[in-house]
Amino acid sequence: MTAALVLDAGLVLLVLGVAVWTVVTGPAFSAVVGFVAFGLLLALAWVRLAAVDVALTEGAIGSGVTGGVLIVAAARLRATEAASAAERPGLGLWAAAAGLAAIVTVGLAALVLFPASPPPTLAPAAAAPLASLDVGNPVTAVLLAYRSVDTLLEKVVLLLALLGVWSLSKDRFWGGLPGPRRTGRPNGALVLTGKLLPPVGIVVAIYILWVGAIAPGGAFQGGAILAAMWLLVMTAGLRDAPAIGRRWVRLSVTVGPAVFLAVGFAGFALPGGFLSYPDHWAKPLIIAVEVVLTFSIAVILGLLVAGPPERVPPR
């Protein structure tokens, strides 16, 4: 038995154990902690499967930003958690959920253990339009060319999610400051971390964005890291979330999808198709789209976690 096999077996047991603990644990905050740990373990599993792009996305979005949203939600629902304890699902619902999970697990195991021969693949169709893009990372090439419409719609969905969160605010708070005011201790460890870590995080985010053209990385991962640094500063009480009525905030959340759409429509006039890239301009255009998307994603994710406006707009 090799060391790699022992590592993989231990990782599988950890993933299953944390998953079960997250489901059966009682307090919501404990379940959120389990969910974050589960996401980080999944990121390690994707690394072991050589899917580094997926691992970065899982760690940044699946565990990081989503975990932040769930922590805020659990903190706000803590006062009502005891009152809703009597409304927990019964044994029948638990059994139905366990049965459905078992069916899905068996199906996935069957696909892995008994694959189709030859296995179905879209690789030839995806590789054909990518040869002239001059982008070394095939994942970035597929996301920005072969399935660019899906990628564009993902960014639009993020924007719609932010609008949905904002719509939860009361009318008198519309355009105001998101979430309750956060204050940190002047000499607290969180404040110190909020001052030291963001410069490093910004450099890492820029690197992850830039290297995405030739290696694992890209706009989503870089934007998530920037959002995490911004959230750290807000949580430490060093800066407050901006009012959503400010023009620069609204421009920031829309500039990424807007530039993506503009490049897409320009394809009709140049190469002859929506989101088609002209020869020798594909890589610069893809990098330009990724840069503005990184900025918009960072602002959107930060405001999503900050929550709906809860304070009167500043005069």
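Q: What makes the meeting of the K155 and E154 side chains a salt bridge?
A: A salt bridge is a side-chain nitrogen of Lys or Arg within 4 Å of a carboxyl oxygen of Asp or Glu. For K155 and E154 the N to O distance is 3.9 Å, so the pair meets this definition.

Q: What kind of model is this, and how are its residues numbered?
A: The model is predicted: local features need pLDDT of at least 70, side-chain atom pairs count only at pLDDT 80 or more, and totals for chains, interfaces and linings use all residues. Residues are numbered from 1 along each chain as its sequence is written, and side-chain values use heavy atoms, with hydrogens and water left out.

Q: Why is K155 called buried, and why is E154 called partly exposed?
A: Buried means under 20% relative accessible area, exposed means over 50%, and partly exposed lies in between (1.4 Å probe, protein chains only). K155 has 5% relative accessibility and therefore counts as buried. E154, at 34%, therefore counts as partly exposed.

Q: Which residues are linked with K155 and E154 in a network of salt bridges?
A: The network links R147, D150, E154 and K155. Within it, D150 forms a salt bridge with R147, and their closest N and O atoms are 3.4 Å apart. D150 is partly exposed because its relative accessibility is 37%, and R147 is partly exposed because its relative accessible area is 27%.

Q: How many salt bridges does the structure hold, and what makes D8 and R48 one of them?
A: The structure holds five salt bridges. In the pair of D8 and R48, the closest N and O atoms are 2.7 Å apart. This pair links distant parts of the chain, since D8 is in helix α1 and R48 is in helix α2 (residues 28–48), 40 residues apart. D8 has 26% relative accessibility and so counts as partly exposed; R48, with 40%, is therefore partly exposed.

Q: How many helices and strands are there in the protein chain?
A: There are 11 helices and two strands. Helices (H or I, at least four residues) and strands (E, at least two) are DSSP runs, numbered from the N terminus. Of the 315 residues in the chain, 35% are buried.

Q: What makes V20, V23, V24, L91 and W94 a nonpolar patch?
A: Patches are made of residues with over 30% relative accessible area and no salt bridge; like charges are joined within 9 Å, and nonpolar side chains (Val, Leu, Ile, Met, Phe, Trp, Tyr) within 5 Å. These five form such a patch on the surface, with about 530 Å² of accessible area together (Shrake-Rupley method, 1.4 Å probe, with only the protein chains shown counting as cover for residues). The elements that give two or more residues to the patch are α1 (3–24) and α4 (91–113). The largest share, three residues, comes from α1.

Q: Why is V24 called exposed?
A: V24, in helix α1, has a relative accessibility of 56% and therefore counts as exposed.

Q: What makes a set of residues a nonpolar core, and which residues have the most contacts inside the largest one?
A: A nonpolar core is a set of buried Ala, Val, Leu, Ile, Met, Phe, Trp, Tyr and Cys residues joined through side-chain atoms within 4.5 Å. The largest has 40 residues, and those with the most contacts inside it are F260, Y277 and L301. The element that gives the most to this core is α11, with 12 residues.

Q: Which residues are in contact with L301, leaving aside its neighbours within four places in sequence?
A: L301 is in contact (heavy atoms within 4.5 Å) with I61, V65, L158, A224 and A227.

Q: How do you know that S148 is buried?
A: S148, in helix α7 (residues 148–166), has a relative accessible area of 4%, so S148 is buried. Apart from its neighbours within four places in sequence, S148 is in contact with V142, L143, F260 and L275.
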